[in-house]
Amino acid sequence: MKRIIGVILLACTMCLSSCKNREVKETLPLCRVMTVSAKAVEINESYSASIQGRQDIDIYPQISGTITELRVYEGKTVRKGEVMFVIDQVPYRAAWRKTMADVHAAEAQVETARLEYRSKQQLFAEKVVSEYDLSTAKNALAIAEATLEQAKALEEDARNSLSYTEVKSPSNGVVGTLPYREGALVSASMAIPLTSVSDNSEMYVYFSITEKRVHSLLRQYGSHDEVIRQMPPVRLQLNDGSLYDGQGHVESISGIINRKTGTVSVRSIFDNTNRTLLSGGIGNVIIPHREDSVIVIPQTATTELQNKILAYKVAEDGCVHSCELTVEKLNDGKDYIVRSGLTVGDVIVTEGTGLLRDGIQIDIRKDEPSK
């Protein structure tokens, strides 16, 4: 056994000889290589995204009072106009009834003043009363009518206040948390809302793309509207790594570039009838697009050194030389798209690159070229 180990170590030492050492003829064992070629690929672009309900509305009371009824529970689906809370109605109903009485009294005063004015008109025509008396009666009627309008305004305000004792949902949606229960004193000035209603039958998913990418899309399609129309369906990867079942579509692209980030906000929309998506969540929007001619190599053909991605080109004499690459990961998790560092026709080592150094000579076993 010791003899076998010694032979293996000796062989490895001999294999690491460089091409410059012409006296040593041994080379590395057979290495797999490939000839670089270009092909069409579908690339998934991934963007960090935030998920929001179509409407997230905080519900505040418009009057002060004690909650007497709580008609919803957390997570309940409500319809627009549905009563959610009832605030003590007794003082507001009493105030409304008082204003109703004031309206009736003012109406009676108007009728009395109108009769008085008509009487003075007849007496003035018969020259029984003076023009001053007629004008006084006319002014008294105007004052009575103004008093009636004021009473009606107060009645309308009291009626509105009474209606505010029933806090209704402003839209269809799902009820959020309920920090206040029956008996709690609430008011319009409180810091924490009664609850929130999220219209999450459809969800807005916001993400940002770079200014460079926006210009690229505009050059390709011509206008914002055409970009939106031509954008492919998008997918949503949830925070746990799973893919959301449904597909969404891009609905709008902002026309303003964020000066701090240099990005443009994009809004996509996803159907959420099954209520899987939750407002306030995060995830990744995945946008597929096709590139017709790109260089793709296996990740095993590269090695990382000091934050640089390297590949080893093979010369005609079998010597290898490193080259720095600019790459992007392909969707399958196994391959790289090479943006710079290689050209079509280059021959590179596909396995064991971690053992290579510049100038080492290898024995070649060719793989099939990339397709």
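Q: How do the residues lining the largest pocket divide into nonpolar, polar and charged?
A: This is a predicted model, and in it that lining has two nonpolar, five polar and nine charged residues.

Q: Which residues lie nearest the centre of that pocket?
A: Those are Ile43, Glu45, His289, Glu328 and Arg339, out of 16 lining residues.

Q: And what's its volume?
A: About 500 Å³ for the largest pocket.

Q: Which element gives the most to the lining of the largest pocket?
A: Strand S2 does, with five residues. Helix H4 (211-221), strand S13 (282-298) and strand S16 (320-329) each supply at least two residues as well.

Q: OK, what about the second largest pocket, what volume does that have?
A: That one comes out at about 250 Å³. It is lined by 17 residues, and Arg213, Tyr221, Pro232, Pro288 and His289 are the closest to its centre.

Q: Which elements give two or more residues to that lining?
A: S2, strand S9 (195-210), H4 and S13.

Q: How does the lining of the second largest pocket split by class?
A: There you get ten nonpolar, three polar and four charged residues.

Q: Switching topic: how many residues are in helix H2?
A: H2 covers residues 90-125, so to speak a run of 36 residues. From its first C-alpha to its last it reaches 53 Å, close to the 52 Å expected at 1.5 Å a residue.

Q: Which of the residues in H2 are buried?
A: Tyr92, Thr99, Val103, Ala106, Val110, Ala113, Tyr117 and Lys120.

Q: What do they pack against?
A: The buried residues of H2 pack against helix H3 (131-163).

Q: What turns up just after H2?
A: Lys127, which takes a positive phi of about 60°.

Q: Last topic, confidence. Where is it lowest and where is it highest?
A: It is lowest in helix H1 (residues 2-15), with a mean of 37, and highest in strand S5 (residues 83-87), at 97. The protein averages a pLDDT of 86, and 89% of the residues score at least 70.

Q: Over which residues does pLDDT stay under 50?
A: Over residues 1-26, for which the model has 18 contacts beyond four places in sequence.

Definitions and conventions. Residues numbered from 1 in each chain as written. Predicted model: local features only at pLDDT ≥ 70, side-chain atom pairs only at ≥ 80, totals over all residues. Heavy atoms only, no water. pLDDT = per-residue confidence, 0-100. Helix = DSSP H or I, 4+ residues; strand = E, 2+ residues; numbered from the N terminus. Contact = heavy atoms within 4.5 Å. Expected span 1.5 Å × (residues − 1). Buried < 20%, exposed > 50% of the residue type's maximum accessible area, 1.4 Å probe, protein only. 1 Å grid on protein atoms, 1.4 Å probe; cavity = no way out; pocket = protein on both sides within 12 Å on 5 of 7 lines; lining within 4 Å. Points joined across faces, edges and corners; volume = space filled by probe spheres on them. Nonpolar A, V, L, I, M, F, W, Y, C, P; charged D, E, K, R; others polar.
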